[in-house]
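Subject: Structure handover

Hello,

Here is the structure for you to take over. Please open it first, then read the notes below.

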Amino acid sequence: AIELNPKLAQAYYNRGGTYDELGDKIRAIADLDRAIELDPKHAGAYTRRGLVYGALGDKIRALTDHSRAIELDPKDADAYISRGVAYAALGNKIRAIADYDRAIELDTKYALAYLFRGDDYNALGDKIRAIADFDKAIELNPKLAQAYISRGGAYVDLGDNRRAIADWKTAAKLGDKKMQDTLTSQGIEW
């Protein structure tokens, strides 16, 4: 598509996404830069480039790109989730939670929004809200292994090891390799 029309922003966006999926972050950024150059209002390109920057550890650029994506498309729940992750990576859990709240307002069935918000509530010590969010994430997506892992961690913090182990066993059964290895190394059948 790029050879046929080198001024087609969507083609660069698509190829940049492919490079990202293949792990070639440098080429991904180059193509996403070109997509934005050709179409400065391509919110998805900002979101994707922000994710790539985040994966490279460039938290400020990630946050900047996600904020720009939200300016361009304030109804995109994914952009709020992505910016929330960037805020959390910068240690600003309160702003992250506010972005997850907005994502949930836009899409009440967004399981990852509940998972990420629960993780940040957990990090702030609010185990009750964290567990409520993990419960909701699991209700929306019962195959979301990370929600069971996170809820198990909150249960441990509350001294409820029985529930924690039950959640971790569920995560292992769902195919989470790290949890399978952890339980196996502790002699716990899953």
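This is a predicted model: local features need pLDDT of at least 70, side-chain atom pairs count only at pLDDT 80 or more; totals for chains, interfaces and linings use all residues.

Residues are numbered from 1 along each chain as its sequence is written, and side-chain values use heavy atoms, with hydrogens and water left out.

**Whole chain**

The protein chain has eleven helices and zero strands. Helices (H or I, at least four residues) and strands (E, at least two) are DSSP runs, numbered from the N terminus. Along the sequence the pattern reads α-α-α-α-α-α-α-α-α-α-α. The C-alpha atoms fill a box of roughly 60 × 30 × 25 Å, taken along the principal axes.

Of the 190 residues, 44% count as buried. Buried means under 20% relative accessible area, exposed means over 50%, and partly exposed lies in between (1.4 Å probe, protein chains only). Contact means heavy atoms within 4.5 Å. Among contacts with a separation of 6 or more, 39% join residues 24 or more positions apart.

**Helix α1**

Helix α1 covers residues 9-21. Its 13 residues should span 18 Å at 1.5 Å a residue, and its end C-alpha atoms are 18 Å apart, which agrees. The expected span is 1.5 Å times one less than the number of residues. Which residues of α1 are buried? They are A9, A11, Y12, G16, G17, Y19 and D20. Their cover includes α2 (25-38) and α3 (43-55). Just after α1, G23 takes a positive phi of about 90 degrees.

D31 sits in helix α2. At 6% relative accessibility, D31 counts as buried. Leaving aside neighbours within four places in sequence, D31 is in contact with Y12, R15, G16 and Y19.

Two packed helices are described by the angle between their axes and the distance between the axes. Axes are lines fitted to C-alpha atoms, for helices over the stretch in contact, and angles run from 0 to 180 degrees between N-to-C directions.

The axes of α2 and α3 come within 10 Å and cross at roughly 155 degrees. The two helices are therefore roughly antiparallel. Angles under 35 degrees count as roughly parallel, over 145 as roughly antiparallel, 65 to 115 as roughly perpendicular and the rest as oblique. The crossing of α2 and α3 is left-handed. That means the near helix is turned anticlockwise from the far one by less than a right angle; clockwise would be right-handed.

From α2, the contact uses K25, A28, I29, L32, D33, A35 and I36; from α3, it uses A45, Y46, R48, R49, V52, Y53 and A55. By class, this contact of α2 with α3 has ten nonpolar, no polar and four charged residues. Ala, Val, Leu, Ile, Met, Phe, Trp, Tyr, Cys and Pro count as nonpolar, Asp, Glu, Lys and Arg as charged, and the others, Gly among them, as polar.

**α4 against α5**

Helix α4 has 14 residues and reaches 20 Å from its first C-alpha to its last, close to the 20 Å expected at 1.5 Å a residue. Its buried residues are A62, L63, D65, H66, S67, A69 and I70. What covers them includes α3 and α5.

The axes of α4 (residues 59-72) and α5 (residues 77-89) come within 9 Å and cross at roughly 155 degrees. So α4 and α5 are roughly antiparallel to each other. Their crossing is left-handed. K59, A62, L63, H66, S67, A69 and I70 in α4 meet A79, Y80, S82, R83, A86, Y87 and A89 in α5. The contact of α4 with α5 has nine nonpolar, three polar and two charged residues.

R83 is in helix α5. R83 is buried, with a relative accessible area of 14%. Not counting residues up to four places away in sequence, R83 touches L63, H66, S67, I70 and D99.

**Two loop residues**

G57 lies in the loop between α3 and α4. At 47% relative accessibility, G57 counts as partly exposed. G57 and R117 are 60 residues apart in sequence and 21 Å apart in space, C-alpha to C-alpha.

N141 lies in the loop between α8 (127-140) and α9 (145-157). N141 is partly exposed, with a relative accessible area of 30%. N141 and A111 are 30 residues apart in sequence and 6.3 Å apart in space, C-alpha to C-alpha.

Best wishes
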